Every structure is written in C-alpha cells, then in structure tokens.
Amino acid sequence: MTSEDPIAQMISYNNHLIEQFRANGGKVTGRFADAPLLLLTTTGAKSGEKRTTPLAHSTDGDNIIIIASYAGNPKHPQWYHNIRANPEVTIELPDQTFTTNAIIPEGEERQRLFDQQAEKMPAFADYQAKTTREIPVIVIPRP
C-alpha cells in the first residue's frame, strides 16, 4: 500500500475486494480468502448515493448477520449510519443478489447474535474489547 491516509487505503482495499468478489463468483484472495463474504449496498444517509462495502457475515436460520465492528474503532462505520437512515439494502452473495430491509436488533437478541458470530469469528470479540461503544448487529432477512 502507498503512504495514503488510512481512509483512502481502506477504500482502495475495499474496492479491490469488491472487484475480485464480482469477477470470481465471490472468491477473493488475501486475508479474507476463507471468510464468508458478502457485498452490502446501502444508500448514503446524507448523499443519497449507493455505497457498497464487503463484509464478513454469518447466518442465523435463513437470516444473514453482519456486525458493524469497524475493527473496534470508536465510531460506527458509515454503512451502519446509512442503514439507520434507510434500511433498504442490496446484498450480493456468490450465488444470489437481493434487496431487503435490514433490522437492527437490541438487548438480548443483539447479544445472542453477536456472541454467535464472535464464536465463529473471534476477531469480533477482540473488536468489542477495543472500544467502549456497543457494536451493532444487523439482521438481513432473505426475501
């Protein structure tokens, strides 16, 4: 990577993952090669523009679960703010693309889903330990 600022580096990296994901039927190289990835497209809360983000996910029954960890940063990721402003999202999986409305669970349900994903992907527990904010969980119902 270049000496760009961290945000520019993250955008560049994410764009590379998105290109690989779409070109290779959901397969990517690098540190996410073995992770269950999806592409989340939200509508910008302020801009109204479509934004796509590659994310690791798990499942809970038929639902897809994503976590707004932002690697333990003190602020929520922008895509989470976008979902709060407009819950309609488009999900790209290796074998399916669909649009649905995201749900943000709270309390015991949020904790159950967070713990379930953190058990499969321990980095999420590490991210929670790095920050004082409660990391949100998002449920993506399949249509």
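## Basis

The model is predicted: local features need pLDDT of at least 70, side-chain atom pairs count only at pLDDT 80 or more, and totals for chains, interfaces and linings use all residues. Residues are numbered from 1 along each chain as its sequence is written, and side-chain values use heavy atoms, with hydrogens and water left out.

## Helix 2

Helix 2 spans residues 78–85, and its buried residues are Trp 79, Tyr 80, Asn 82 and Ile 83. Buried means under 20% relative accessible area, exposed over 50%, and partly exposed in between (1.4 Å probe, protein chains only). Helices (H or I, at least four residues) and strands (E, at least two) are DSSP runs, numbered from the N terminus.

Gln 78, Arg 84 and Ala 85 are exposed on the face turned away from the buried side. The buried residues pack against strand 1 (37–43), strand 2 (50–56), strand 4 (63–67), strand 5 (88–93) and strand 7 (137–140).

## Ala 56

Ala 56 lies in strand 2. Its relative accessibility is 17%, so Ala 56 counts as buried. Beyond neighbours within four places in sequence, Ala 56 is in contact (heavy atoms within 4.5 Å) with Pro 36, Leu 37, Ile 65, Ile 66, Gln 117 and Met 121. Asn 101 is 45 residues from Ala 56 along the chain, and their C-alpha atoms are separated by 18 Å.

## Salt bridges

The structure holds five salt bridges. Each is a side-chain nitrogen of Lys or Arg within 4 Å of a carboxyl oxygen of Asp or Glu. Arg 51 pairs with Glu 49, with the closest N and O atoms 3.4 Å apart. Arg 51 is partly exposed at 41%, and Glu 49 is partly exposed at 44%.

Arg 112 bridges to Asp 60, with the closest N and O atoms 2.9 Å apart. This pair links distant parts of the chain: Arg 112 is in helix 3 (residues 107–120) and Asp 60 is in strand 3 (residues 58–60), 52 residues apart. Asp 60, Glu 109 and Arg 112 are linked in a salt-bridge network. Arg 110 bridges to Glu 134, with the closest N and O atoms 3.7 Å apart. Arg 110 is buried at 3%, whereas Glu 134 is exposed at 53%.
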